[in-house]
Amino acid sequence: MRYDLTQIESWIPEGSRVLDLGCGDGAFLNRLQETRRVQGMGLELDPENLIAATQRGVDILQQDMDQGLSNFPESSFDIVILAHALQVLHRPDKVLQDMVRIGREAIVTFPNFGHWRCRLHLGLNGRMPVSKDLPYHWYNTPNIHFCTVKDFEALCSDLNIAIMDRDIVSGPVAALFKQWLPNLFGSTAIFRIRACD
Amino acid sequence: MSGAEEVGLVTPIREVFSENLALASGQTLAGFELITETYGQLNSQRSNAVLICHALSGNHHAAGRYNHSDPKPGWWDLHVGPGKAIDTNRFFVVSLNNIGGCDGSSGPNTMNPETQQPWGPNFPQVSVNDWVTTQAMLADRLGIDSWAAVVGGSLGGMQAIHWAVHYPERVRNCVALAAAPKLTAQNIAFNEIARQAILSDPDWLAGYYQQETVTPTRGLSLARMVGHLTYMSADGMSDRFGRDTREMPSDAINPGEMVFQVESYLRYQGKQFSTRFDANTYLLMTRALDRFDIAADFDDSLSDAMAATTCRMLITAFSSDWRFSPARSRELVDALLASGRPVSYAEIETDAGHDAFLLDEPRYTGLFTAWMQQVVI
């Protein structure tokens, strides 16, 4: 399992109501149903994924996050997850606001564009980074809103969103430095957030 | 589809109910009959029963054939049978003709026991509520305490929703395909045009045509043409017919005339329908459809209605369906979300229009099948 998902799982209380935005084939929600006994629901657009999630017994809604989430009532879920999808949204800020409205808590993971490899690539080559994790070119990438750990924290502050927890994924060597320089050494950022009281 | 994938030969069963049936309209039906079909085997716990609710022009014959030379299987044979979405290897499937119908259950074309005349226009107006009541009586008779699933498309989906809302303890899963919480003004308008087509036929005879051994076939045919048109999409029609023309055959009333394929198709559909369907039933069914409103018993709060459900729900809409558009299905979904109920929803990309729920679109069939496989029996 991807590291960010392991971390998310550890933050999910037993029996909670979980909404997974961009749930893919439903494998992670299905796992949470088994390991955490959650009442899960997933949002997804891809028809093949809808079928795959349904085959796992996961409730799914075919809905486009970019069209808004206003049909979900306030506090209707304990936790709303957005794993590795922030960067594909048209308006990440609006979705984040909806997430902390719908969920008592929200968990967001995203690739950190402030990672030293990205900086090095752009700095030395003068070209947008292309890597194993981010294999697209600027013109065909679905990732239209990259941000860094610092950018995300600034946005949360602007939107009056409280950061409850932060975890940074990195390679084994960079792990030694990430606690001091997360924005430089973290490849994936994982945030637990909620609306400010 | 090969014969091996079908349920095989089926025989309708007649169920006679002698008790009085109090209808939602306030009228009473002194006994009634239901014509039904079943497919598959009821298990020993009686926990694997699935009810199929039919739409406007459907009936009890959902799957299988009546004899080896029967040219056509039942209306939902694509989705009911061994290994299909409603898998008869797992489920005991019950299908019936609703009262007010014209395929064997008590309705305008059956005898009124009091007068020994066909009911005709005097058959009481029935509603989705009444249909579900009689379906529940049928379940009692079959010893089915709760349905593993109640499934329907269009007007059938409305019955499935009514089941989930009004008999939550008797429905464990509900599938509503191409349905809506109630009709829009535009939708009612199409039904009204269809009704006026029937009422303006000189053979309508105020609904007493059966006694005169005539049928308002022209009105019925026109009603069906209007209806059928609204069940298709513009793109689907362009793909299928384009502007192609054909010469009418020698046995037509207009032999040799060049007509557009779409004209010929609609005339054929209308004609076929007018020979198999009853005009009084058409009026009655469309009125039941117009009057359906699942929120009416809940102070017009759709979310309060949905809060009464306890079952798992699958709501499915079809992208090119403009008669029961995806927006109407999403009203149901949003009301379920508002009341904290679980729900699955998919909008199937297709140009087949409203009738897509009858067809075999791979993504629809895949989803429907996957969902039914998760139904616990």
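Trainee: What secondary structure does chain B have?

Mentor: Please keep in mind throughout that this is a predicted model. Chain B contains ten helices and 14 strands.

Trainee: Which radius of gyration does chain B have, and which value would a compact globule have?

Mentor: The idea is to set the value of the chain beside a rule for globules of a given number of residues. For 377 residues, a compact globule would have a radius of gyration near 21 Å, and chain B has 20 Å, so the two agree. The C-alpha trace of chain B spans about 60 × 50 × 45 Å along its principal axes.

Trainee: How many of the residues of chain B count as buried?

Mentor: Of its 377 residues, 50% count as buried.

Trainee: Is B:Asn89 buried or exposed?

Mentor: One counts the other C-beta atoms within 10 Å; a residue with 12 or fewer is exposed, and one with 20 or more is buried. B:Asn89 has 10 such atoms and is therefore exposed. B:Asn89 lies in the loop between β5 (86-87) and β6 (92-96) of chain B. If its neighbours within four places in sequence are left aside, B:Asn89 is in contact with B:Pro82 and B:Gly83.

Trainee: Where does B:Gln196 lie, and why does it count as partly exposed?

Mentor: B:Gln196 belongs to helix α3 (residues 185-199) of chain B. It counts as partly exposed because it has 14 C-beta neighbours inside 10 Å, and this number falls between the two cut-offs. From B:Gln196 to B:Glu114 the C-alpha distance is 30 Å, and the two are 82 residues apart in sequence.

Trainee: Which value does phi of B:Arg46 have, and where does B:Arg46 lie?

Mentor: The phi of B:Arg46 is near 55 degrees, a positive value in a residue other than glycine. B:Arg46 is found in the loop between β2 (28-39) and β3 (49-53) of chain B. It has 15 C-beta neighbours inside 10 Å and so counts as partly exposed.

Trainee: Is B:Ser154 buried or exposed, and what is its phi?

Mentor: B:Ser154 is not a glycine, yet its phi is positive, at about 60 degrees. With 27 other C-beta atoms within 10 Å, B:Ser154 is buried. Its place is the loop between β9 (149-153) and α2 (155-166) of chain B.

Trainee: How are two packed helices described?

Mentor: Two packed helices are described by the angle between their axes and the distance between the axes. In chain B, the axes of helix α4 (residues 217-231) and helix α6 (residues 261-276) come within 8 Å and cross at roughly 125 degrees. This angle makes α4(B) oblique to α6(B). The crossing of α4(B) past α6(B) is right-handed.

Trainee: Which residues of α4(B) and α6(B) meet?

Mentor: On the side of α4(B), the residues include B:Leu220, B:Met225 and B:Leu229; on the side of α6(B), they include B:Leu266, B:Gly270 and B:Phe273. By class, this contact of α4(B) with α6(B) has six nonpolar, six polar and two charged residues.

Trainee: How many residues does each chain give to the contact of chain A with chain B?

Mentor: Chain A gives 16 residues and chain B gives 18. On the side of chain A that touches chain B, the elements that give two or more residues are β2 (39-44), α3 (47-55) and β3 (59-62) of chain A. Of these, α3(A) gives the most, with five residues. By class, this side of chain A has eight nonpolar, seven polar and one charged residues.

Trainee: At what angle do α3(A) and helix α10 of chain B pack?

Mentor: The angle between α3(A) and helix α10 (residues 362-373) of chain B is about 15 degrees, and their axes are 8 Å apart. The angle makes α3(A) roughly parallel to α10(B). The crossing of α3(A) past α10(B) is left-handed. Among the residues that make this contact are A:Leu50 and A:Ile51 of α3(A), and B:Leu367 and B:Trp371 of α10(B). By class, the contact of α3(A) with α10(B) has six nonpolar, four polar and one charged residues.

Conventions: Residues are numbered from 1 along each chain as its sequence is written. Chains are lettered from A and ligands numbered from 1 in the order in which they are written. This is a predicted model: local features need pLDDT of at least 70, side-chain atom pairs count only at pLDDT 80 or more; totals for chains, interfaces and linings use all residues. Helices (H or I, at least four residues) and strands (E, at least two) are DSSP runs, numbered from the N terminus. The radius of gyration is taken over C-alpha atoms; the globule rule is 2.2 Å times the number of residues to the power 0.38. Two residues are in contact if their C-beta atoms, placed from the backbone, lie within 7 Å. Axes are lines fitted to C-alpha atoms, for helices over the stretch in contact, and angles run from 0 to 180 degrees between N-to-C directions. Angles under 35 degrees count as roughly parallel, over 145 as roughly antiparallel, 65 to 115 as roughly perpendicular and the rest as oblique. A crossing is left-handed if the near helix is turned anticlockwise from the far one by less than a right angle, and right-handed if clockwise. Ala, Val, Leu, Ile, Met, Phe, Trp, Tyr, Cys and Pro count as nonpolar, Asp, Glu, Lys and Arg as charged, and the others, Gly among them, as polar.
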